[in-house]
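User: Could you walk me through how to read the main features of a model like this one? I'd like the general idea first, then the case at hand.

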Amino acid sequence: MTISFLVTHSGGFHADELLSTVILARLFPDARLVRSRDAAWITPAPDRLIYDVGRAYDAQAGVFDHHQRPAPLREDGRPLSSFGLVWRHFGRGYLRALAVPEPDVEAIHADFDAGFVLPIDLMDNGALDPSTAGPLLADLTLPMLLESLKPVFDDPDPQAESQAFAHAQAIAQAFIEASIRRKAAKARAEAVVLRAIVDAGTARVLELPQGMPFRAAIEKAGADHLLFVIHPRERDWALTGIRKAEDGFAQRADLPEAWAGLTDAALEAASGVPGARFCHNGRFIAVAETREAILEMARIAVREAEAP
């Protein structure tokens with residue numbers, strides 16, 4: 001089957017069909033986008049995919065709408081938007097098109113669905129209000145930001161809607177691809193961190209070859225003995241704490257209180273380590289000029305953390 005047309009509704013646009021277009025345009029780059037409510041276009045045919053319009057959800061016929069009754073639901077009963085439907089059927093292909101390694105496809109597909117697609121589904125169906133993000137952030141949620149790119153009501157340009165959609169699509173693509181890149185990078189980092197944990201044995205400090213996400217892999221490995229992580233940066237080395245939870249700031253162990261907020265000579269004097277250069281006032285990261293200096297700072301930090 002050759003898909004020549006990607007068909008969605010005309011008029012004002014929303015996040016769900018914008019984001020769906022990003023997915024489908026990647027998989028069918030030669031297909032032409034058609035924004036129309038004309039029956040001739042929104043009637044199923046072998047040469048098109050129809051989404052967010054059509055009053056049906058029929059994957060075999062190539063129709064992915066959610067406005068009809070009964071509306072399509074997730075397994076847990078929560079509503080789907082066209083984006084959720086498109087992601088369900090085309091998301092894995094999209095990830096492969098972005099060169100996500102095959103062993104990571106299923107995990108990233110599920111992770112992106114839960115953290116990115118589901119909120120779009122809920123907001124588009126009125127099951128989640130943007131105000132739940134708080135009064136300062138309600139207008140800064142992704143759906144609201146994308147919809148803010150629609151032309152104003154009295155724009156006289158007949159091409160305003162189409163131009164605005166294309167502009168918003170490019171921005172939506174950037175957000176989706178950035179999210180996928182981060183998730184794919186996290187999977188790569190996990191493999192590196194797990195190897196480093198094995199190499200570290202019972203040491204309290206984990207050394208990594210560069211800065212990367214590490215907390216999830218440490219949790220996965222059950223490496224509860226680790227207190228700190230060190231890694232090289234462009235011109236120096238960093239010593240960081242390990243957060244107890246993903247959504248909090250509490251560390252397994254804080255850096256020494258005497259180092260807090262100090263830099264250069266003052267930190268060298270307080271730590272006794274030549275080359276010590278910086279310690280954050282929050283005591284979750286410190287920096288030194290060399291590996292030897294950061295290792296010594298790590299040893300001191302571990303000794304103090306283990307002291308009664």
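User: How do β9 and strand β10 pair, and over how many bridges?

Analyst: Strands of a sheet pair through backbone hydrogen bonds, either parallel or antiparallel. Here, β9 and β10 (residues 285–288) run antiparallel and are joined by three bridges. Within that pairing, C279 sits opposite A286 of β10. Two strands pair if DSSP finds at least two bridges between them. Strands (E, at least two residues) and helices (H or I, at least four) are DSSP runs, numbered from the N terminus. Please keep in mind that this is a predicted model, in which local features need pLDDT of at least 70 and side-chain atom pairs count only at pLDDT 80 or more, while totals for chains, interfaces and linings use all residues. Residues are numbered from 1 along each chain as its sequence is written, and side-chain values use heavy atoms, leaving out hydrogens and water.

User: What is the strand order in the open sheet with β10 and β9?

Analyst: The order is β6-β7-β8-β10-β9, five strands in an open sheet with mixed pairing. Its edges are β6 (205–207) and β9 (276–279), each pairing on one side only. On average, neighbouring strands of this sheet are turned by 20 degrees against each other, direction ignored. For that angle, axes are lines fitted to C-alpha atoms (for helices, over the stretch in contact), and angles run from 0 to 180 degrees between N-to-C directions.

User: Let's turn to charges. How many salt bridges are there?

Analyst: Side chains of opposite charge can pair when their charged atoms come close. The rule here asks for a side-chain nitrogen of Lys or Arg within 4 Å of a carboxyl oxygen of Asp or Glu, and by it the count comes to 22. One of them joins R291 and E207, at 2.9 Å from N to O. This pair links distant parts of the chain, with R291 in helix α9 (residues 291–306) and E207 in strand β6, 84 residues apart. R291 is partly exposed at 32% relative accessible area, and E207 is partly exposed, its value being 32%. On this scale, buried means under 20% relative accessible area, exposed over 50% and partly exposed in between (1.4 Å probe, protein chains only).

User: Where do E246 and R215 lie?

Analyst: E246 is in the loop between β8 (237–241) and α8 (264–271), and R215 is in helix α7 (residues 215–221), so their pair ties together parts 31 residues apart in sequence. The closest N and O atoms of this salt bridge are 3.1 Å apart. E246 is partly exposed at 46%, whereas R215 is buried at 14%.

A second bridge pairs E219 with R252, the closest N and O atoms being 3.1 Å apart. E219 is in helix α7 and R252 in the loop between β8 and α8, so this pair connects parts 33 residues apart in sequence. Through shared partners, salt bridges join R215, E219, R243, E246 and R252 into one network.

User: Now the rings. Why is the pair of Y57 and F64 tilted?

Analyst: A pair of aromatic rings is described by the distance of the centres and the angle of the planes. Rings of Phe, Tyr and Trp (its six-membered ring) pair if their centres lie within 6.5 Å; planes under 30 degrees apart count as stacked, over 60 as edge-to-face and the rest as tilted. By this rule there are nine aromatic pairs. The Y57 and F64 planes meet at 45 degrees, with centres 6.3 Å apart, so the pair is tilted. Y57 is partly exposed at 30%, while F64 is buried at 2%.

W87 and Y94, in turn, are edge-to-face, with 65 degrees between the planes and 6.2 Å centre to centre.
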